[in-house]
Amino acid sequence: MCSGIQRKSRHGLLLVTAVVVLLGSFIAVLAPAASAASPAVASPASANPAVASLAAAAVVCTSKSHPAVAAALARDIQAARSGRSSTVAVWVDDPGAGISCSLSGSSHFDSASIVKVTILGAVLRKALDQHRYLTSTEAAQLRAMITRSDNNAASALWAKLGRSYLQHFLNLAGMRQTVLGPGGYWGLTQVTAHDETLLLRLLLTGNTVLSNNSRAYALGLMAQVISSQRWGVPAGAPRSVTVHVKNGWLPRATHGWRINSIGGFTWSNGWYSIVVLSMDNPTMSYGITTVEAIARVIHRNLNPSVKTVIAPSAPNPAWGTPDELIPALPAIP
């Protein structure tokens, strides 16, 4: 896989990891058990039953070919979110290794700017429907919207597409859990980790919704996101892969900062994707730390022999500035 390692070799590396995990589990059985009476750490989410249910959700990882690696992923993702006030949803999709993980995959979160990837897909699909190339205006708006998260570009494209066509694209993509934001509030689109994974698959694999050229165009933009916005799921990824990322960051009066990060990781003969959605973050920096802690353990388990990885993000002066400003909307949770 990475650094020239072929997929077959990667399976061997995952097998080594599986042996280590199984050995560790055997040793754990022999060790004294922790006290069952240990008190639970209180979480701000516990005040809201729905959010408390999210916080208590279990990580489920499956793999017929690498069950021990799947078990390690579930354990490590759970450990990475332990003690954090953040409420999170996660999806890991690695079809080449036959590994999938989910945590609260069908729970809804405010999208913030990750919805811009949906807008991107819809614009590309509409151009295909009309048998034409992108206009120069569309190309400029898409580049601004994805590479530097320009909100004016997103609003213009959202309005031009219209709700009916955006819903049409969601239907084509099979994103049945996604609910478009009200009016022009694209950042309040309700997304799930499940649907964001479907969207990434649409960009990462051949399909009937987007052409290969359209997919390459979209992935190319997501690989050129400016440095100050490349935090999140890239943390811990092998430096030898190409990272395609889009993030969203939005504070609201309830449930604090929404910090969302979606990304695909590609190399010459394969790919995998990671989605982490979060809310109940007291600050933007806090949320980024949560997302990156989860991403790092995922990358580590999927790439056990890789030593050169993308470091955790250093705080940036731009952190703390909302990606968009949304006024109080009583009808919106």
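How many residues does helix 3 have, and how far does helix 3 reach from its first C-alpha to its last? Here are some notes on that and a few other places.

1. Ground rules. This is a predicted model, in which local features need pLDDT of at least 70 and side-chain atom pairs count only at pLDDT 80 or more, while totals for chains, interfaces and linings use all residues. Residues are numbered from 1 along each chain as its sequence is written, and side-chain values use heavy atoms, with hydrogens and water left out.

2. Helix 3. Helix 3 (residues 67-81) has 15 residues and spans 22 Å, close to the 21 Å expected at 1.5 Å a residue (the expected span is 1.5 Å times one less than the number of residues). Helices here are DSSP runs of H or I with at least four residues, strands are runs of E with at least two, and both are numbered from the N terminus. Among the buried residues of helix 3 are Val69, Leu73, Asp76, Ile77 and Arg81; buried means under 20% relative accessible area, exposed over 50% and partly exposed in between, with a 1.4 Å probe and protein chains only. Glycine 83 follows this helix with a positive phi, near 80°.

3. Overall picture. The protein has 9 helices and 8 strands, and 51% of its 333 residues count as buried. Of the contacts (heavy atoms within 4.5 Å) with a separation of 6 or more, 70% join residues 24 or more positions apart.

4. The core. The largest nonpolar core has 86 residues, and Met145 and Ile298 touch the most other members. Such a core is a set of buried Ala, Val, Leu, Ile, Met, Phe, Trp, Tyr and Cys residues joined through side-chain atoms within 4.5 Å. Helix 6 (residues 151-173) gives the largest share of this core, 10 residues.

5. Helix 5. Met145 is one of the buried residues of helix 5, as are Glu138 and Gln141. The buried residues of this helix pack against helix 4 (115-129), helix 6, helix 8 (212-222) and strand 6 (242-251). Beyond its neighbours within four places in sequence, methionine 145 contacts residues including Leu120, Leu157 and Lys246. Just after helix 5, serine 149 has a positive phi of about 55°.

6. One to look at: glutamate 196. Glutamate 196 lies in helix 7 (residues 193-204). Glutamate 196 is buried but has no salt bridge, and the nearest side chain of opposite charge, lysine 246, is 10 Å away. A salt bridge needs a side-chain nitrogen of Lys or Arg within 4 Å of a carboxyl oxygen of Asp or Glu. Leaving aside neighbours within four places in sequence, glutamate 196 touches Ile114, Thr118, Met175, Val191, Ile262 and Val275.

Technical notes. Lys and Arg count as positive and Asp and Glu as negative; His and the chain ends are not counted.
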